[in-house]
Amino acid sequence: MPPEHHSDTPLFCLYRLYEFLVVDDVTGYRNTIEYFCKQRTWAVRDIPDPEDHDPSRYAFLACLPALLKSAFNERIKLGLVRDAPAIMSPEQAEAYRTAPESSKTYEEEPSWTKRVEPLGQTLFMPSHDGVFMQGFDDPRASQFFKHMNILIWGPHIHFT
């Protein structure tokens, strides 16, 4: 976070998530996803457009809201809603788990992600130990990045 800012923002967090994913720091990106999830006022759809001048970084950033949406919506399906209290009774947990589907608020992607152009040339991202995949048909390739022509290992994004 820049020193002139005294509070975090969804966009700063998105850039931190980008950095951890680029270097394949599993602990770093999982902690960042969980941190974002705990920021109850940060709706994924409200992440502002970074309007990044670097086409590769902008395409990568445009993939991240879908990744967050998937991680959070999987939790919401299980009754682990973002605005639930950190500590709750078994009865409260059961009430969240069995809540009618119509009462659950799922995350959505911001509209700016649809306007970002995919990369013309495939961006190959190595694993933390320098291993590259050969193509998108590799089952380890992330589907969250494929539409932007970014070949990266599928990140572990689900947590409870």
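Figure 1. Lys-114 is exposed, with a relative accessible area of 62%. That value is over the 50% cut-off for exposed residues. In this predicted model, the side chain of Lys-114 meets that of Glu-109 in a salt bridge, 3.1 Å from N to O. Glu-109 counts as partly exposed, at 24% relative accessibility. A further residue joins in: Lys-69, Glu-109 and Lys-114 form one network through salt bridges that share partners. Across the whole structure, a search finds 10 salt bridges.

**Figure 2. Arg-82 and Glu-107 linking two loops.** The side chains of these residues, Arg-82 and Glu-107, form a salt bridge with an N to O distance of 2.7 Å. Arg-82 belongs to the loop between H3 and helix H4 (90-97). Glu-107 belongs to the loop between H4 and S1. The pair therefore ties together parts that are 25 residues apart in sequence. Are the two partners buried or exposed? Arg-82 is buried, with a relative accessible area of 10%. Glu-107 is buried too, at 11%. Both values fall under the 20% cut-off for buried residues.

**Figure 3. The start of helix H3, with Asp-52, Asp-54, Ser-56 and Arg-57.** Helix H3 covers residues 55-77. At its start, a side-chain oxygen of Asp-54 reaches to within 3.1 Å of the backbone nitrogen of Ser-56. Asp-52 forms a salt bridge with Arg-57. The closest N and O atoms of that pair are 2.7 Å apart. Asp-52 is buried, at 10% relative accessible area. Arg-57 is partly exposed, at 22%. Side chains of opposite charge can pair when their charged atoms come close.

**Figure 4. Helix H3 from end to end.** How far apart are the end C-alpha atoms of H3? They are 34 Å apart. After the helix comes Gly-79. The phi of Gly-79 is positive, near 95 degrees.

Figure 5. H1 runs over residues 10-22. Its 13 residues should span 18 Å at 1.5 Å a residue. The end C-alpha atoms of H1 are 18 Å apart, which agrees. Which residues of H1 are buried? They are Pro-10, Phe-12, Cys-13, Leu-14, Leu-17, Tyr-18 and Leu-21. An α-helix has 3.6 residues a turn, so residues three or four places apart point the same way. The buried residues of H1 pack against helix H2 (26-38), H3 and H5. H1 is followed by Asp-24, with a positive phi near 55 degrees.

Figure 6. The structure holds six aromatic pairs. Tyr-18 and Phe-60 form one of them, an edge-to-face pair. Their ring centres are 5.3 Å apart, with 80 degrees between the planes. Tyr-18 lies in H1 and Phe-60 in H3, so the pair ties together parts that are 42 residues apart in sequence. Tyr-18 is buried, with a relative accessible area of 17%. Phe-60 is buried as well, at 1%. Phe-36 and Trp-42 form another edge-to-face pair. Here the centres are 5.1 Å apart and the planes make an angle of 70 degrees. Each angle is over the 60 degree cut-off for edge-to-face. Phe-36 is buried, at 2% relative accessible area. Trp-42 is buried, at 9%. Phe-36 and Trp-42 also belong to one aromatic cluster with Tyr-35 and Phe-72.

Figure 7. Where is Ser-142 found? Ser-142 sits in the loop between strand S1 (123-124) and helix H5 (143-146). Its side chain reaches the backbone nitrogen of Phe-144 at 3.2 Å. Ser-142 counts as buried, at 2% relative accessibility. Neighbours within four places in sequence left aside, Ser-142 is in contact with Ile-152, Trp-153, Gly-154 and Pro-155.

Conventions. Residues numbered from 1 in each chain as written. Heavy atoms only, no water. Helix = DSSP H or I, 4+ residues; strand = E, 2+ residues; numbered from the N terminus. Buried < 20%, exposed > 50% of the residue type's maximum accessible area, 1.4 Å probe, protein only. Polar contact = N/O pair within 3.5 Å; in protein donor to acceptor, adjacent residues only side chain to side chain. Contact = heavy atoms within 4.5 Å. Phe/Tyr/Trp six-rings, centres within 6.5 Å; stacked < 30°, edge-to-face > 60°. Expected span 1.5 Å × (residues − 1). Salt bridge = Lys/Arg side-chain N within 4 Å of Asp/Glu carboxyl O.
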